[in-house]
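Student: Hi! Could we go through this one together, a piece at a time?
Tutor: Happy to. Have a look at it here and ask away.
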Amino acid sequence: MNCNDLGIYIHIPFCTKRCLYCDYTSFTNLELIEKYFDTLKKEIILKSRESKSFKIKTIYLGGGTPSIIKTDLIEDIFFTLLNNYDINSLEEFTIEVNPESVREDKLSFYKSIGINRISIGFQSTTNEILKKVGRIHRFEEEIRAFSLLKKYFDNINVDFILGLPGENTNTVAKNLEFIQNFQPSHISYYLFDASHDTPLKFLLNDGKMYLPDEDFLAGQLDLIDNFLKNINYKHYEISSWALLSKESMHNKLYWHNLNYQGFGISAGGHVNNFRYVNTSSINNYIKYINEGVFPYEYQNSNDSFHELIETLFMGLRLLDGINYVSLVNRFGKTLTDKVIDNLKKNVENYICIKDNHIKLSKKGLDYSRYVFEKLLDITY
Ligand SMILES: C[S@@+](CC[C@H](N)C(=O)[O-])C[C@H]1O[C@@H](n2cnc3c(N)ncnc32)[C@H](O)[C@@H]1O
Ligand code: SF4
């Protein structure tokens, strides 16, 4: 990747039904879809002026549930990108799909416009868990959808969440059995984050559902990691494992804090030190874009210090960590050394420097949220 490379993220905030644990921006009012896509096209064109010098390396259609969208709307977005950006060097083009909406005609269309990576959300292979957390698909649909995906794509990510209500050693073992039998090229195994105000959080607070305890989860995380390593997956980011050469290029743009534009509500971007997050209000989004105004809810031109903190924040998620020399080239030796020294003082045993790379130690990986909190406390 170099500084002329750009990733593109497009947020598609529509779902058939909201899952109880999910905090991502999405709506079940599907009548808004056409108007939203109209606005997306305008935003893509509006931003193209400032992206002229970039080569698009990755495109990611995320959600929400992009697979419920009619193919002609996706095609429109693709042609808007094609006509306004340099996508001749495109290497990775991902779409997120949900098991129940995977259909053969859609897959063949995705392939025809150059999509070469699929990310499918399972969360669990146990029907009791899926039902408890409000998923509308069942294990049988996971098998059907995955088998169909395999006919068209060899680069497939599957999302799992560890620690949903009802999780136990058998339910984790069933997920691992699926992975061993079907061998997706990439696994995202997230630890359930119960901190957001979701319907599930209220059920937990009212004692109507229970979560597995933390020691159990720590043990299961080790077990998952060992199991996946034994069947040739490389653990390369806190929540990500990949078969050889199947690491996510798009997500690596985020983790190396490189350039990407985000389109759609709640989408974020980072281009030449400028960081922004779009509004999560669909009405404001449509209004601003139609007035020719960028719909930012947050925007900041980072100085070198903040850019460096963000680079560490993202890069420490990678198991290989961050190359010290690349930090010095990007931020200068004085600033880099000062910030790393401060970080070492704050979280001594949680990070290590080895072979010119700064990374989380085993303890740091186990308590990464603590390290990231401390990183944000550093001043200059
Ligand atoms: C925004 S979702 C979109 C994916 C797709 N719509 C689906 O449901 O499969 C991306 C992924 O975030 C993860 N996720 C969502 N809420 C989460 C939570 N509270 N804790 C951990 N992971 C979560 C899930 O694994 C999900 O597949
Ligand atoms: S997990 Fe996926 S399907 Fe469920 S509400 Fe979130 S975005 Fe929609």
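Student: Before we start, what counts as a polar contact here?
Tutor: A polar contact is a pair of N or O atoms within 3.5 Å; within protein, one must be able to donate a hydrogen and the other to accept it. Keep in mind that this is a predicted model.
Student: Good. Which residue caps the N-terminal end of H6?
Tutor: That is Asn 168, which has a side-chain oxygen 2.8 Å from the backbone nitrogen of Asn 170.
Student: And how many residues does helix H6 have?
Tutor: H6 has 14 residues, 169-182. From first C-alpha to last, H6 reaches 20 Å, close to the 20 Å expected.
Student: What follows H6?
Tutor: Gln 183, and its phi is positive, near 45°.
Student: Which residues of H6 are buried?
Tutor: They are Thr 171, Val 172, Asn 175, Leu 176, Phe 178 and Ile 179. Viewed down the axis of H6, these buried residues fall within an arc of 150°, so they line one face of the helix.
Student: Why would residues three or four places apart point the same way?
Tutor: Because an α-helix has 3.6 residues a turn.
Student: OK, and which residues are exposed on the other side of H6?
Tutor: Asn 170 and Asn 181 are exposed there.
Student: What does the buried side of H6 pack against?
Tutor: The buried residues of H6 pack against several elements, including strands S4 (117-123), S5 (156-162) and S6 (186-191). Helix H8 (214-230) is also one of their partners.
Student: What do S3, helix H3 and S4 make?
Tutor: A right-handed β-α-β unit, with H3 covering residues 104-112.
Student: Last one: why does Ser 119 count as buried?
Tutor: Because its relative accessibility is 3%, and buried means under 20%. The side chain of Ser 119 also makes a polar contact with the side chain of Asn 157, at 2.8 Å.
Student: What else is Ser 119 in contact with, leaving aside neighbours within four places in sequence?
Tutor: Among its contacts are Tyr 60, Thr 94, Glu 96 and Asp 159.

Technical notes:
Residues are numbered from 1 along each chain as its sequence is written. Chains are lettered from A and ligands numbered from 1 in the order in which they are written. This is a predicted model: local features need pLDDT of at least 70, side-chain atom pairs count only at pLDDT 80 or more; totals for chains, interfaces and linings use all residues. Side-chain values use heavy atoms; hydrogens and water are left out. Helices (H or I, at least four residues) and strands (E, at least two) are DSSP runs, numbered from the N terminus. The expected span of a helix is 1.5 Å times one less than its number of residues. Buried means under 20% relative accessible area, exposed over 50%, partly exposed in between (1.4 Å probe, protein chains only). The arc is that of the directions from the helix axis to the C-beta atoms. Contact means heavy atoms within 4.5 Å. A crossover is right-handed if, with the strands pointing away from the viewer, the path from the first strand over the helix to the second runs clockwise.
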